[in-house]
Amino acid sequence: MPWGDGMTIKHHLTENLLMGYAAGTLPEAFNLVVASHVSMCDTCRAALESYEALGGAVLESRGVDLADDGLAACLARLDDAPVADRPAPVRPVPGALPAPLRDYIGGDIDAIRWRPVGGGVKQAILPTSDAASARLLFIPAGAAVPDHGHRGMELTMVLQGAFADETDHFGRGDVEIADEELEHTPVADIGADCICLAATDAPLRFRSLIPRLLQPFLKI
Amino acid sequence: MAPAPQTDTAPFVADMILIRDHRDRQAFARLFAHFAPRVKGFLMKSGTEAGVAEDCAQDVMVTVWNKAHLFDPSRASVATWVFTIARNRRIDLARRDRRPEPEDLGWGPEPEAAQDDTVVLQQETEQLAEALASLPDRQRELIEKCYFGDLSHREIADVTGLPLGTIKSRIRLALDKLRHAMG
């Protein structure tokens, strides 16, 4: 497995995010964070499978009557070709980034199309539905993301390097979950440039004027 | 190859194997009789109009047939697997969002998945269903609402504290075995 056992991950997804992903009710941008983290984290993968099993139990509980010709109509659509002819699932080649994220970028880290946002910080917006936005953040070693708060929920997952803020230290695979309560200034560790995946369901709220003025242009 | 006997702890697993290996339409008809009404009900409770839900339930069952080779009984019960297909169909229907999926595990579905893993998984799934059924009505309805898409991810927080237990899953089993072997 490209990601090892995930034992070094300290900051996991919450149960409600895992349940929301299993139920299919999260915005696409949050789904991307969940799928990326679960790709690296066996603990959360196991919890996710439990929530999918719970979905199975909900499905089982009761049904409604079908049209009389339902089965016949369905049988007519079946193809008798043996499944052996169908392509087996392709195991993704190991990469620096988890496979679901590479699908959105169209490649690995070297394919990311960064746009500078000031102070050496760069970002790349990923295409998702409007309910929430997803972007990759590049924070040079030792640099800070401008002090900001959150109107909604923001998930930040570390893909490379590490960062620290007022609350804790976050390494590769860790997810920080920020809400209205948290006002923070993430600072990348000195050792390496930090790359994160961030998703939020509301615009960030910057404290100083300049980032606030730039916000419409940066789409954050 | 003789079909494995249908057991109470692994309902419909034998039928899935018959569909996968022998394209068995009778096995499919049994799955259809059980699951198609449930998928239709699930979609209707998720706000889908009856006629559309009927068509989509058929789509879901055709997908069950087409993707039978991806079903792995040591990782999911048939009900769980059908649920994930129905859920993805509902997402397509409602939003046409892409649905990012986690990276597949290295081991993938194996033709001879460890029998023990399958039995344990199926038993735990059964226990989970019993735990859900034995919850007070109000709590059970809250959980159902989550899966029907009636609660936002914020509202779900009220539900996840409920005492339901979890599936150990093949991953945890594998880790447990490893620890035993090393301990």
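**Entry 1: chain B overall.** I started with burial in chain B: buried residues make up 51% of its 183 residues. The model is a predicted one. I then listed the secondary structure of chain B and found seven helices and zero strands. From the N terminus on, the elements read α-α-α-α-α-α-α. I also looked at contacts in chain B with a separation of 6 or more, and residues 24 or more positions apart account for 63% of them.

**Entry 2: chain A overall.** Of the 220 residues in chain A, 54% are buried. Among contacts in chain A between residues at least 6 apart in sequence, I noted that 65% join residues at least 24 apart.

**Entry 3: α1(A) against α2(A).** I looked up how helix α1 (residues 15–23) of chain A sits on helix α2 (residues 28–40) of chain A, and found an angle of about 105° with the axes 10 Å apart. The two helices, α1(A) and α2(A), are therefore roughly perpendicular to each other. On the α1(A) side the contact is made by L17(A), L18(A) and Y21(A), and on the α2(A) side by N31(A), V34(A), A35(A) and V38(A). Sorted by class, this contact of α1(A) with α2(A) has six nonpolar residues, one polar and no charged.

**Entry 4: α1(A) against α6(B).** Next I followed α1(A) to the other chain. α1(A) and α6(B) pack at an angle of about 60°, with their axes 8 Å apart. At that angle α1(A) and α6(B) are therefore oblique to each other. I listed the residues that meet: M19(A), A22(A) and A23(A) from α1(A), and I143(B), C146(B) and Y147(B) from α6(B). The contact of α1(A) with α6(B) has six nonpolar residues, with no polar and no charged ones.

**Entry 5: α3(A) against α6(B).** I stayed with helix α6 (residues 137–148) of chain B, which also packs with α3(A), at an angle of about 105° and with the axes 10 Å apart. That makes α3(A) roughly perpendicular to α6(B). From α3(A) I wrote down Y51(A), L54(A), G55(A), V58(A) and S61(A), which meet I143(B), E144(B), Y147(B) and F148(B) in α6(B). By class, the contact of α3(A) with α6(B) holds six nonpolar, two polar and one charged residues.

**Entry 6: the largest pocket.** What is the volume of the largest pocket? I have it at about 1,200 Å³. The pocket is lined by 40 residues, and R75(B), W81(B), T84(B), E101(B) and D104(B) lie nearest its centre. The elements that give two or more residues to this lining are α3 (42–61) and α5 (99–105) of chain A, together with α3 (50–66), α4 (78–95) and α5 (115–133) of chain B. Of the elements, α4(B) gives the most to the lining, with seven residues.

**Entry 7: R90(B).** I looked up R90(B), which is in helix α4 of chain B. Is R90(B) buried or exposed? Its relative accessibility is 8%, so R90(B) counts as buried. The C-alpha atoms of R90(B) and G47(B) are separated by 9.7 Å, and the two residues are 43 residues apart along the chain.

**Entry 8: M61(B).** M61(B) is in helix α3 of chain B. With a relative accessibility of 0%, M61(B) counts as buried. Not counting residues up to four places away in sequence, M61(B) touches C74(A), F28(B), L31(B), F32(B), F35(B) and A36(B). I also noted A33(B), 28 residues from M61(B) along the chain, with 10 Å between their C-alpha atoms.

**Entry 9: R23(B).** Last, I checked the backbone at R23(B). Most residues other than glycine have a negative phi. R23(B) is not a glycine, yet its phi is positive, about 45°. R23(B) is found in the loop between α1 (13–22) and α2 (25–45) of chain B. With a relative accessible area of 9%, R23(B) is buried.

Conventions: Residues numbered from 1 in each chain as written. Chains lettered and ligands numbered in written order. Predicted model: local features only at pLDDT ≥ 70, side-chain atom pairs only at ≥ 80, totals over all residues. Heavy atoms only, no water. Axes fitted to C-alpha atoms, helices over the stretch in contact; angles between N-to-C directions. Helix = DSSP H or I, 4+ residues; strand = E, 2+ residues; numbered from the N terminus. Parallel < 35°, antiparallel > 145°, perpendicular 65-115°, else oblique. Contact = heavy atoms within 4.5 Å. Nonpolar A, V, L, I, M, F, W, Y, C, P; charged D, E, K, R; others polar. 1 Å grid on protein atoms, 1.4 Å probe; cavity = no way out; pocket = protein on both sides within 12 Å on 5 of 7 lines; lining within 4 Å. Points joined across faces, edges and corners; volume = space filled by probe spheres on them. Buried < 20%, exposed > 50% of the residue type's maximum accessible area, 1.4 Å probe, protein only.
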